[in-house]
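Reader: I am new to this structure and would like to learn how to read it. Please show it first.

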Amino acid sequence: MKPTNSPKTYRVKSFGCQMNVYDGERMADMLDKRGIVPAPEGEEADLVVLNTCHIREKAAEKVYSDIGRLTKAGRKAGKEPLIAVAGCIAQAEGEEIMSRSPAVSVVVGPQAYHRLPEMLDKAVQGERATDTDMPAIAKFAALPERTKRFPTAFLTVQEGCDKFCTYCVVPYTRGAEISRPFADLVDEAHRLAERGAREITLLGQNVNAWSGADAKGDSCGLDGLIRELAKIPELQRIRYTTSHPNDFYKGLVRCHAEVDKLMPYLHLPVQSGSDRVLKAMNRSHTADSYLRLLEEMRAARPDIALSGDFIVGFPGETDAEFEETLALVDEVGYAQAFSFKYSPRPGTPAATMDGQVPKEVMDERLQRLQAALNRDQLAFNEASVGKTCEVLVERKGKLAGQWLGKTPWLQSAWFEGEVAIGDLVEVELVEAGPNSLAGKLRETVVA
Ligand code: SAH
Ligand code: SF4
Ligand code: F3S
């Protein structure tokens, strides 16, 4: 590669889950600290970080088309950008990216991105650099202070996965489960709150597997961490995602009954309603144990909004097994959910299993599942009409005077009135749509 000028502007594009978004924010923090500034909207950046996701094929393909588009646009403008590929594809296919795409200067995995600045220095001198090491904790210690102000913030508390569901790449791209230390997290949460965060979402691939030792040195789980963070006065709301059914325990369920700042929302993926499929997926829970857990949760927090993830067309899934998924959906009544067609991923056991399901069958199942989930989501939103609840104002709406925020149940609500971003206000929900609710501002500014 030819040496090039140091980049003055950057753009970070994140394609994946919330942890991937968090990583993208932290890479941006590092670039800010270097004096590189975000490229203005609509302008090509000198440095583009593609923060990739490997979870399904569709997401993975995007990176190559993006690299192609960037090089073409760069050539046209007479100035090709520096391209860094980060995230889970970088981890899984770093070498392949380097050999397939000569335009890429830097490949950096999700556990090594604290070294991005040094790698960029090399790239500027014309040297390509790859780093896919996995020194998980080192990364967090090496990251700079967070500087941006947002009313809502992500805080990664746990990373990695030891579950090895047979369809999933995460254990390979993110490595083994690790928990960040209690004191570091409390400290980061305080700083986020000082910078305007009113809501923090604790993140982890298996966030409820987080464990640590509290200030007194006693061992504690995610519930202990949540109780500590709830003491931060500026912080009004706490959420966490994603949990695994097998990592649930009584203390965390109790936390939902006892900690007001913990929002009444739980995202708990189930993937399938068929025990045979769950077993083949290596989920190590059954449909029934999952349903019982949700019952406990509803007993602790009756208004809790439930959300889940589903995969249709896992190898060998029969029509009857798919019907079991629909039956589970009917039984739960989800407030929100995410559903996907099974995507065979390189290196995972399911990719070579017998009985791969034809695409048309998957399409049809996904349509039926999504129709049921959409129906339930609308029903949940409609049942909220008439309630007055707190909404955290996150941004301006499309029309002048309009504001958008989230209800405690993570519904988007929009309304008009004299408020500011970061206010927690009382809103009466007056009309429900499939994806949002219209509200009327009550006078009170709660916080
Ligand atoms: N750790 C979380 C979720 C990680 S990935 C958990 O276990 O709950 C997010 C979602 O992507 C999964 O819940 C699953 O529904 C979906 N997913 C993962 N691998 C997939 C694959 N190979 N094909 C289709 N969907 C997949
Ligand atoms: Fe993937 Fe399963 Fe781990 Fe979730 S629990 S990240 S689906 S292997
Ligand atoms: Fe994708 Fe990696 Fe997240 S594969 S879903 S970005 S952990």
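The dialogue below goes through the sheets, some single residues, the annotated positions and the ligands.

Reader: What kind of model is this, and how are its parts numbered?

Author: This is a predicted model: local features need pLDDT of at least 70, side-chain atom pairs count only at pLDDT 80 or more, and totals for chains, interfaces and linings use all residues. Residues are numbered from 1 along each chain as its sequence is written, chains are lettered from A and ligands numbered from 1 in the order in which they are written, and side-chain values use heavy atoms, with hydrogens and water left out.

Reader: Which strands make up the open sheet, and in what order?

Author: Helices (H or I, at least four residues) and strands (E, at least two) are DSSP runs, numbered from the N terminus. Two strands pair if DSSP finds at least two bridges between them. Here six strands form an open sheet in the order E2-E1-E3-E4-E5-E6, and their pairing is parallel. The edges are strand E2 (37–38) and strand E6 (129–131); each has a single partner strand, so one side of each is left without a neighbour in the sheet.

Reader: How many bridges link E5 and E6?

Author: Strand E5 (residues 104–108) pairs with E6 over three bridges, in the parallel sense. One residue pair to look for is Val-107 with its bridge partner in E6, Thr-130.

Reader: In which sense do E18 and E19 run, parallel or antiparallel?

Author: Strand E18 (residues 402–406) and E19 run antiparallel and are joined by five bridges. Gly-405 has Ala-413 of E19 as its bridge partner. Five residues lie between the strands of this hairpin, where Leu-410 takes a positive phi near 65°.

Reader: Which residues of E19 are on its covered face?

Author: In strand E19 (residues 412–416), Ala-413 and Phe-415 form the covered face, while Ser-412, Trp-414 and Glu-416 form the uncovered one.

Reader: Is Asp-46 buried or exposed?

Author: Buried means under 20% relative accessible area, exposed over 50%, and partly exposed in between (1.4 Å probe, protein chains only). Asp-46, in the loop between E2 and E3, is buried, with a relative accessible area of 18%. Another buried residue is Val-186, at 13% relative accessibility; Val-186 lies in helix H7 (residues 182–194).

Reader: Which residues surround ligand 3?

Author: A residue is near a molecule or strand if one of its heavy atoms lies within 4 Å of it. Around ligand 3 are Gly-16, Cys-17, Asn-20, Cys-53, His-54, Ile-55, Cys-88, Arg-174 and Gln-205.

Reader: Which polar contacts does ligand 1 make?

Author: A polar contact is a pair of N or O atoms within 3.5 Å; within protein, one must be able to donate a hydrogen and the other to accept it, and residues adjacent in sequence count only if both atoms are side-chain atoms. A nitrogen atom of ligand 1 is 3.0 Å from a polar backbone atom of Tyr-167, and a nitrogen atom of the ligand is 2.8 Å from a polar backbone atom of Ser-343. An oxygen atom of ligand 1 has a polar side-chain atom of Arg-283 at 3.5 Å. Strand E15 (305–312) and strand E16 (336–341) are the elements that give two or more residues to the shell around ligand 1.
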